[in-house]
Amino acid sequence: MSNNPTLCEPSEGSGILPNRNSTVNDDTIMSEHLQVDAILHYATSRVIPQQTMDEIKISFNILKSLTPCNLLVFGLGHDSFMWSSINPRGTTLFLEEDPKWSRAILKDLSFIRSNTVRYRTTLYEAEKLIEHYNKEPDCWARKSILRGNSKCKLALNMLSNEVYDKEWDIIMIDGPKGYFDQAPGRMSAIYSAAVMARNRKGPGVTHVVMHDVDRDVEKVYAELFLCRKNLVDGVGKLWHFEIPPASDVNTDFC
């Protein structure tokens with residue numbers, strides 16, 4: 001019933017052979033199928049989105065302008081299918097700390113790529129970790145490394161090589177949990193996103209989108225590492241930063 005010629009493209013063996021020189025390719029077909037699946041998934045779901053429509057629009061517009069791109073997301077959620085479907089020909093990777101939650105989200109969405117992260121911090125330590133950052137040279141902007149950085153407690157030094165080796169065009173921070181004392185908190189995610197953005201070698205900026213900025217820890221750490229001068233948009237509980245590569249490795253984060 002679709003008027004879309006891509007969705008109606010006859011398959012080989014159907015008796016109507018397509019033109020082999022057709023500009024329609026398998027990637028395009030799979031991308032559209034994934035997006036249709038996402039529409040059906042959310043249209044039939046009773047789950048309330050974790051972000052408001054206005055908040056989602058900010059990330060959606062960035063993705064739409066850059067896809068296919070490299071998208072790194074801290075936190076798995078009910079919106080993960082949506083982000084993957086908007087970037088079907090790019091790389092989308094989720095980082096989640098709770099294996100049980102991962103299994104619940106991924107049981108019907110096995111194509112979503114997710115790594116489990118064991119954080120070294122708790123929300124209770126948020127204030128002390130700022131003191132640690134100020135005193136520990138391996139945390140300072142001039143060091144600006146994550147892989148193998150065991151001295152800086154804010155550095156996510158346990159991630160997969162893919163996370164370190166790839167340049168991420170967009171980093172979304174909507175995890176890990178940060179609403180009770182023993183939760184990991186988002187201090188390391190914010191710090192590590194800033195390090196990744198500063199280390200970018202390719203052209204352009206790194207877009208960092210952070211949710212729950214109404215909470216004190218998220219706000220303080222965002223202003224310390226992502227910087228007010230890089231804040232380009234915001235609505236509700238969401239801020240959008242555009243972070244350029246560090247032109248001088250000896251400068252501070254902000």
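Is Asp169 buried or exposed? Asp169 is buried, with a relative accessible area of 17%; buried means under 20% relative accessible area, exposed over 50%, and partly exposed in between (1.4 Å probe, protein chains only). The structure above is a predicted model, in which local features need pLDDT of at least 70, side-chain atom pairs count only at pLDDT 80 or more, and totals for chains, interfaces and linings use all residues. Residues are numbered from 1 along each chain as its sequence is written, and side-chain values use heavy atoms, leaving out hydrogens and water.

**Helix 8**

- Let's start with helix 8, which spans residues 216-226 and has Val217, Glu218, Tyr221, Ala222, Phe225 and Leu226 as its buried residues.
- These residues sit on the same side of helix 8, because they cover an arc of only 125 degrees around the axis (the arc is that of the directions from the helix axis to the C-beta atoms).
- An α-helix has 3.6 residues a turn, so residues three or four places apart point the same way.
- The cover over the buried residues of helix 8 includes helix 5 (126-135), helix 7 (187-198), strand 5 (206-211) and strand 7 (238-243); contact here means heavy atoms within 4.5 Å.
- Helices (H or I, at least four residues) and strands (E, at least two) are DSSP runs, numbered from the N terminus.
- After helix 8 comes Cys227, with a positive phi near 80 degrees.

**Salt bridges**

- Side chains of opposite charge can pair when their charged atoms come close.
- A salt bridge is a side-chain nitrogen of Lys or Arg within 4 Å of a carboxyl oxygen of Asp or Glu, and the count by this rule is twelve.
- One of them joins Glu162 and Arg113, whose closest N and O atoms are 2.6 Å apart.
- That pair links distant parts of the chain, 49 residues apart: Glu162 is in helix 6 (residues 161-165), while Arg113 is in the loop between helix 4 (99-106) and strand 3 (114-116).
- Glu162 is partly exposed at 24% relative accessibility, and Arg113 is partly exposed at 37%.
- Another salt bridge pairs Lys143 with Asp138 (3.5 Å, N to O); Lys143 is partly exposed at 42%, whereas Asp138 is buried at 18%.

**Back to Asp169**

- Asp169 forms a salt bridge with Arg200 (2.9 Å, N to O).
- Asp169 lies in the loop between helix 6 and strand 4 (170-173) and Arg200 in the loop between helix 7 and strand 5, so their pairing ties together parts 31 residues apart in sequence.
- Arg200 is buried, with a relative accessible area of 11%.
- Elsewhere, salt bridges that share partners join Asp174, Arg186, Asp212, Arg215 and Glu218 into one network.
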